[in-house]
Amino acid sequence: MATRTRPSSKRCAVIGGSGFLGRHLVERLVDRGYTVNVFDIRQAYELPGVTFHQGDLCDRQALLLALKEVSVVFHCASPAPASDDRALFQRVNIDGTRTVIQACHEAGVQKLILTSSASVVFEGTDIKNGREDLPYAKKPIDYYTETKIVQEKLVLEACSKEKGFLTVAIRPHGIFGPRDPQLVPILIDTARRGKMKFIIGDGSNLVDFTYVENVVHGHILAAEHLKADSPLCGQAYHITNDEPVRFWDFMSQILEGLGYSAPRYHLPYTLVYGIALLLWLMALVLRPLIRIKPTFTPMRVALAGTHHYYSCARAKKDMGYQPLVPLREAIVRTVESYPHLRKGA
Ligand SMILES: NC(=O)c1ccc[n+]([C@@H]2O[C@H](COP(=O)([O-])OP(=O)(O)OC[C@H]3O[C@@H](n4cnc5c(N)ncnc54)[C@H](O)[C@@H]3O)[C@@H](O)[C@H]2O)c1
Ligand SMILES: CC(C)CCC[C@@H](C)[C@H]1CC[C@H]2C3=C(CC[C@]12C)[C@@]1(C)CC[C@H](O)[C@@H](C(=O)O)[C@@H]1CC3
């Protein structure tokens, strides 16, 4: 058992702090005067005021070292959704999150802020202005979503005013911005391979995309408003840009901003979804022999062809959340941050 020393309210730990969201969060926390311990399986950078602890979050002893004298823990580690590895998601998102909660108890941590995902309620059908009281997806589309649901439940159920351990879950949606390894790189890779010519469905579906700095702002507000007498205890909060946009307009703006043509031809949603499902099943069957990674997974097709936008009224009411960077400005900043992905670069 670790020896407990009084935690300082300005000392925090970011689990997954080497990742896209984690690193932006760490940078902002340092700006706000926090001392930060990063815990991650890899060290991606160095920053004054930040101490790195390299380790797997399933290793309680390694975690305890990073949580010493820490009062607030942000948990934003997860395997990449594209890995589609059920055992890995189960181990890290579920078993690992149990370990994180246990280590927090042992180290005397007072607050745990989980990065969940708005996708925990997404089943592949339209969600318009969804609120946090929507039920969890009964048939989650992929293993990532399946394990994010269990993870969120574990963290929210661990909230205990009696034990002095308070928890809250932030549910962002479609995070984008500089250094994102997913959205823009996958989009441009798909365009470079000549596969971004088609719009899935009629192209009118509205979606939330959230600039990374707004997601960070939501996390810090949550940490600072989470108190025993606050409504945040044990609750989930959507954090978005609060500007739903047509999925294909957003993709087109990024593509054209980087010098690529926007998709023009329409394909029926059910046809593309059916093909994606077939490819996914084939990849599953062939996995022992060969590892195939289809670009158009059922989850991606569902996200590209349905409405999925969420209300952040609860975050506005309980923690005074307002997005700091509007969508137009966020797209400009993002496009400028990827000169190496520009056409011809
Ligand atoms: N990117 C999005 O659009 C999005 C949207 C909603 C929610 N989220 C959630 O936000 C969080 C951060 O996502 P991101 O996009 O920054 O991903 P990311 O892959 O950039 O970062 C995840 C980090 O977790 C670390 N990690 C993975 N397994 C670990 C382990 N076993 N032990 C310690 N560290 C480990 C990785 O090394 C990485 O640095 C995740 O929980 C994700 O589910 C992401
Ligand atoms: C090949 C195409 C049709 C389009 C290429 C872009 C996609 C790679 C992204 C568009 C929406 C993105 C997205 C995620 C991953 C990348 C996209 C599919 C998430 C599934 C990542 C995990 C998050 O938790 C999800 C969330 O709830 O925010 C993301 C949803 C949007």
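## Helix α7 and its cover

The buried residues of helix α7 (247–257) are covered by elements that include α5, β9 (198–200), β10 (206–207), β13, α9 and α11. Here helices (H or I, at least four residues) and strands (E, at least two) are DSSP runs, numbered from the N terminus. This is a predicted model, in which local features need pLDDT of at least 70 and side-chain atom pairs count only at pLDDT 80 or more, while totals for chains, interfaces and linings use all residues. Residues are numbered from 1 along each chain as its sequence is written, and chains are lettered from A and ligands numbered from 1 in the order in which they are written.

Six positions of α7 are named as buried: F247, W248, F250, M251, I254 and L255. They lie on the same side of α7, because they cover an arc of only 160 degrees around the axis. The arc is that of the directions from the helix axis to the C-beta atoms. A residue is buried if 20 or more other C-beta atoms lie within 10 Å of its own, exposed if 12 or fewer, and partly exposed in between, with C-beta atoms placed from the backbone. After α7 comes G259, which has a positive phi near 90 degrees.

## Helix α11

In α11 (residues 327–336), the buried residues are L327, A330, I331, T334 and V335. These share one side of α11, since their arc around the axis is only 130 degrees. An α-helix has 3.6 residues a turn, so residues three or four places apart point the same way. R328, E329 and E336 are exposed on the other side of α11.

The cover over the buried residues of α11 includes β8 (175–176), α5 (183–192), β11 (210–211), β13 (245–246) and α7 (247–257). In the loop between α10 (313–319) and α11 lies V325, which counts as partly exposed because it has 18 C-beta neighbours inside 10 Å. Leaving out residues up to four places away in sequence, V325 touches Y211, E213, N214 and A330; two residues are in contact if their C-beta atoms, placed from the backbone, lie within 7 Å. V325 and V212 are 113 residues apart in sequence, yet 9.2 Å apart in space, C-alpha to C-alpha.

## The largest nonpolar core

A nonpolar core is a set of buried Ala, Val, Leu, Ile, Met, Phe, Trp, Tyr and Cys residues joined through C-beta atoms within 7 Å. The largest one has 95 residues, of which C12, V14, I15, L67, V73 and A222 touch the most other members. Helix α3 contributes the largest share of this core, 7 residues.

Apart from its neighbours within four places in sequence, A222 is in contact with I113, V168, I170, L232, Y237 and M319. Y34 lies in the loop between α1 and β2 (35–40) and is buried because it has 20 C-beta neighbours inside 10 Å.

## The two ligand shells

A residue is near a molecule if its C-beta atom, placed from the backbone, lies within 6 Å of it. Around ligand 1 there are 27 residues, the closest being G16, G19, F20, L21 and A77. Both α1 (20–31) and α3 (86–107) supply at least two residues of this shell, and α1 gives the most, with 3 residues. By class, the shell around ligand 1 has 13 nonpolar, 10 polar and 4 charged residues. Ala, Val, Leu, Ile, Met, Phe, Trp, Tyr, Cys and Pro count as nonpolar, Asp, Glu, Lys and Arg as charged, and the others, Gly among them, as polar.

Ligand 2 has 17 residues around it, and S117, S119, H173, G174 and I186 come nearest. Helices α5 and α9 (298–305) each supply at least two residues of the shell around ligand 2. The most come from α5, with 4 residues. This shell has 9 nonpolar, 7 polar and 1 charged residues.

## Backbone features and a recorded segment

N129, in strand β6 (residues 127–130), has a positive phi near 55 degrees although it is a residue other than glycine. D242 is not a glycine either and has a positive phi of about 60 degrees. D242 lies in the loop between β12 (235–239) and β13. N129 counts as partly exposed because it has 14 C-beta neighbours inside 10 Å, whereas D242 is buried, with 21 other C-beta atoms within 10 Å.

An unreviewed UniProt entry places the feature "transmembrane region" at residues 271–290; such annotations may be inferred rather than shown by experiment. In the model, the chain over residues 271–290 is 80% helix and 0% strand, with the end C-alpha atoms 26 Å apart.
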